[in-house]
Amino acid sequence: MYDYDLLVVGSANADLVIGVERRPGAGETVLGSDLAVHPGGKGANQAVAASRLGARTVLLARVGDDAHGRLLLDSQRAAGVDTVGVLVGGAPTGVALITVDPSGDNSIVVSPGANGKLFPIDIQAAACLFQAARVVSVQLEIPLETVVEVVRNLADSSRFVLNPSPPRPLPSEVLAACDPLIVNEHEAKVILGDACVSERPEDWARILLAKGPRSVVVTLGAEGALVASKDGVTRVPSVTVDAVDTTGAGDAFTAALAWKLGTGVGLAEAAVYAARVGAVAVTRKGAQDSFPTADEVAALCCAGPGDAASDSGSAAGRTPGSEDESGSVSGTPERGESP
C-alpha cells in the first residue's frame, strides 16, 4: 500500500507577474500592470494541481528562509500537499519573472535561488518518500545531477514522469526511466538535436521513443497531443476554451497525467483527462490559483475531446466553435510553451 499517489520532486518559486499590452523589444521599456505575487515553480505547481484533483501528494523541494518561502509552504499546505519533504534555507527562494499579454500567452525568466541547492544528498536523505510513492514526477528547474539521483532512488514498482523544462540534453539513464517523457515542440527539438530530421510530430515521438523512454507525450497546443509507446502513436484531440492566462497550464496537464497513470488507466486516456484539466486552468489567471478540482474538470465533460484517434497524420479533433476568432486556445500546452 502506497502512502502517496504522487511524489513531486522539483522547483518552488515565487511568481512575480505583470500584465503587458505587448512584450518589449531589445532596449525597449513598456508599462505594465501592478505587480502580483503568486506561489509557483513547476514542482510546487504540479503538487498543488495533483492534490486539488484528489491525489495524495508530497513535495520534495527547497525554499529560502524568507517571506517567499513561507508563501510557498502556506500554499502547499492549504492545497492539502504533504510538505514533509520541503527543505528550508541555503539560498533565497527562487523567483520567476512573468509577463502576460492580452491573449494569455506568457514569457518567463527564472532565478533558481534555493532550487539550485536541492542536491543529490537531499534525494538520498528522502529515500523513504520514494518507497512510499506510486508515481514520481520531476522537471528540470533543479540540478540535472539531482534528477539523475531521483532515478537511482526510484522504487522498483514506481513510475517516473519527466517534463524536461527548461530543456537540455538528457543522459540515457534518465531517458530510460521516463514513462512518459512529456515534451512540447521546443523541448522535443532540443532533446532530439541532430536527430530532429522531420517536421512531423509523429516522427518526433517515434525518434524520442527510440532514444530510450518507455513512453512519450508530445503536447501540440490547438492540435492536441500525441502519446507514443511500444504499442504505437496515438493522437489525443484538444479541448478548446477562451484563454485568460496560460501560466501553469502545462504543470496542471503533467500533474493530472501523472496522477491518472498511477490509478492504472492507459496513457491515451490519462492524456485526455489531462487536456481537460489544462483547459480549465487557462480560463483563470495565475498558476496555482487556476488549478481545478476534480468536480470542475467533470463539469467540462460537455466540451471533452472525445476518443483518442489512431495515428493517421490527421488534425486533432476540436470542440464546437473552436474555429472562431475569439482567441481561444487548447487546454494542452502550446507548441512553444513550457508544459
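**Note on the predicted model**

1. The protein has 11 helices and 16 strands, where helices (H or I, at least four residues) and strands (E, at least two) are DSSP runs, numbered from the N terminus. This is a predicted model, in which local features need pLDDT of at least 70 and side-chain atom pairs count only at pLDDT 80 or more, while totals for chains, interfaces and linings use all residues. Residues are numbered from 1 along each chain as its sequence is written, and side-chain values use heavy atoms, with hydrogens and water left out.

2. Overall figures. Of the 339 residues in the protein, 56% are buried; buried means under 20% relative accessible area, exposed over 50%, and partly exposed in between (1.4 Å probe, protein chains only). Among contacts (heavy atoms within 4.5 Å) with a separation of 6 or more, residues 24 or more positions apart account for 69%.

3. Strand 1. Two strands pair if DSSP finds at least two bridges between them. Strand 1 pairs in the parallel sense with strand 8 (residues 133-139) over 5 bridges, and the partner of Leu-7 in strand 8 is Val-136. Strand 1 also pairs in the parallel sense with strand 4 (residues 57-63), over 4 bridges; there, Leu-6 stands opposite Thr-57.

4. Four strands form an open sheet in the order 3-2-6-7, with mixed pairing. Strand 3 (36-40) and strand 7 (106-111) stand at the edges with a single partner strand each, so one side of each has no neighbour in the sheet. On average, neighbouring strands of this sheet are turned by 25 degrees against each other, direction ignored. Axes are lines fitted to C-alpha atoms, for helices over the stretch in contact, and angles run from 0 to 180 degrees between N-to-C directions. Strand 6 (residues 94-100) and strand 7 run antiparallel and are joined by 6 bridges, with Val-95 opposite Ser-111 in strand 7.

5. Helix 2 and Pro-39. Helix 2 (residues 67-79) lies across strand 2 (13-19), strand 3 and strand 6, and runs at about 60 degrees to strand 3. Pro-39 is found in strand 3 and counts as buried at 12% relative accessibility. Leaving out residues up to four places away in sequence, Pro-39 touches Asn-13, Asp-15, Asn-45, Leu-71, Leu-72, Ser-75 and Gln-288. Pro-39 and Arg-70 are 31 residues apart in sequence, and their C-alpha atoms are 9.7 Å apart in space.

6. Asn-184. This residue is found in the loop between strand 10 (178-183) and helix 7 (185-192). Asn-184 is buried, with a relative accessible area of 1%. At the start of helix 7, a side-chain oxygen of Asn-184 reaches to within 3.2 Å of the backbone nitrogen of His-186. A polar atom of the Asn-184 side chain also lies 2.9 Å from the backbone nitrogen of Glu-187. A polar contact is a pair of N or O atoms within 3.5 Å; within protein, one must be able to donate a hydrogen and the other to accept it, and residues adjacent in sequence count only if both atoms are side-chain atoms.

7. Helix 7. Glu-185, Glu-187, Ala-188, Ile-191 and Leu-192 are buried in helix 7. They cover an arc of only 165 degrees around the axis, which puts them on the same side of helix 7; the arc is that of the directions from the helix axis to the C-beta atoms. The buried residues of helix 7 pack against strand 9 (159-163), strand 10, helix 8 (201-210) and strand 11 (216-219). Gly-193 follows helix 7 and has a positive phi, near 60 degrees. Most residues other than glycine have a negative phi, and most peptide bonds are trans.

8. Cis peptide bonds. A cis peptide bond joins Ser-165 and Pro-166, with omega about -5 degrees; Pro-166 is found in the loop between strand 9 and helix 6 (172-177). The peptide bond from Asp-179 to Pro-180 is also cis, with omega near 15 degrees, and Pro-180 lies in strand 10.

9. Cysteines. The structure holds 0 disulfides, a disulfide being a pair of cysteine sulfur atoms within 2.5 Å. Cys-128 counts as exposed at 57% relative accessibility, whereas Cys-178 is buried, with a relative accessible area of 0%.
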